[in-house]
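Here are a few exercises to work through with the model open beside you. Try each task before you read its solution.

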Amino acid sequence: MRNVHDVGGQLSYGPIDLSADDGRVFHSPYESLAFGLTIASLTHGFIHNPDEIRFAVERLPPDVYVRCAYWERFLAAAEMKLVENGVLDFDAILEREREANPGATLPAGAPEGLNDAIDNAIAHGRERATQLPEPHRFAVGQRVRTRVSNNRHHTRLPGYAMGREGVIVAQLPAFPLPDAVASDPNGPSEWTYRVRFEARELWGRDGGAHDVVMLDAFESYLRATTSTAAPSDRETP
């Protein structure tokens with residue numbers, strides 16, 4: 001069963017409404033604060049990597065996920081991780097909510113160098129690509145099939161691409177494996193690949209005859225196969 005957030009390729013959601021796009025990044029003061037809190041927590045090491053945040057968003061109760069706006073989810077996820085990582089105390093948060101004063105202000109300031117580090121992180125990001133001593137397992141031109149997983153853990157393999165067959169078109173650098181580092185900041189890195197899927201392979205007859213989708217996938221997401229192979233290596237909860 002797919003998580004509530006994994007809606008890529010599903011029907012009945014309609015087209016993306018771009019009519020409200022006025023070019024602004026944030027539309028409310030809390031949105032920029034939620035973004036700043038997340039970046040500051042990542043930069044200062046309170047949250048270890050973006051996949052911790054992604055996994056926290058995915059663990060929000062489905063009704064909360066659907067009800068919340070985008071930045072509300074970010075704020076709830078940051079709070080969840082700061083509690084889980086021992087930075088904040090949940091009871092203290094509840095107490096603060098009970099004593100909330102709309103006119104109150106917090107003292108300004110940040111640890112020395114944090115603001116510069118945040119500006120640098122926003123401007124340049126963080127290089128996470130690396131090389132591994134062992135060679136790539138799959139070659140360009142090789143046919144592969146993506147794994148099928150029913151586990152409710154974090155993964156960057158979208159549901160619409162699970163159990164589908166494609167062709168490796170490029171070998172890419174290694175990156176920290178999201179499935180692992182979402183729970184363990186010391187998790188392993190894996191080679192990544194660009195895989196070409198025919199649209200009809202992903203969506204059946206609804207896929208365009210000449211349309212393709214390029215998906216960057218981690219090595220453990222893939223299994224060697226042939227054009228006539230059946231899905232294999234199905235994972236169970």
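Helix axes here are lines fitted to C-alpha atoms over the stretch in contact, and angles between them run from 0 to 180 degrees. Keep in mind that this is a predicted model.

**Exercise 1.** Describe how helix α1 packs with helix α4.

*Solution.* Start with the geometry: α1 (residues 29-44) and α4 (residues 70-84) pack at about 35°, their axes 9 Å apart. Next, take the handedness: the crossing of α1 past α4 is left-handed. Then look at who makes the contact: α1 contributes residues including Tyr30, Phe35 and Leu37, while α4 contributes, among them, Trp71, Phe74 and Leu82. Finally, sort the residues of this contact, and you find 9 nonpolar, 2 polar and 2 charged.

**Exercise 2.** Work out where the salt bridge partners Lys81 and Glu84 lie, and whether each is buried or exposed.

*Solution.* The closest N and O atoms of the pair are 2.9 Å apart. Both residues belong to α4, 3 residues apart, or about one turn of the helix. Buried means under 20% relative accessible area. Lys81, at 6%, is therefore buried, whereas Glu84, at 42%, is partly exposed.

**Exercise 3.** Find which strands the salt bridge between Glu165 and Arg145 links.

*Solution.* First check the distance, which is 3.1 Å from N to O. Glu165 sits in strand β2 (residues 165-176) and Arg145 in strand β1 (residues 143-146), so the pair, 20 residues apart, links distant parts of the chain. Glu165 is buried at 6% relative accessibility, and Arg145 is buried at 9%.

Key. Residues are numbered from 1 along each chain as its sequence is written. This is a predicted model: local features need pLDDT of at least 70, side-chain atom pairs count only at pLDDT 80 or more; totals for chains, interfaces and linings use all residues. Side-chain values use heavy atoms; hydrogens and water are left out. Helices (H or I, at least four residues) and strands (E, at least two) are DSSP runs, numbered from the N terminus. A crossing is left-handed if the near helix is turned anticlockwise from the far one by less than a right angle, and right-handed if clockwise. Contact means heavy atoms within 4.5 Å. Ala, Val, Leu, Ile, Met, Phe, Trp, Tyr, Cys and Pro count as nonpolar, Asp, Glu, Lys and Arg as charged, and the others, Gly among them, as polar. A salt bridge is a side-chain nitrogen of Lys or Arg within 4 Å of a carboxyl oxygen of Asp or Glu. Buried means under 20% relative accessible area, exposed over 50%, partly exposed in between (1.4 Å probe, protein chains only).
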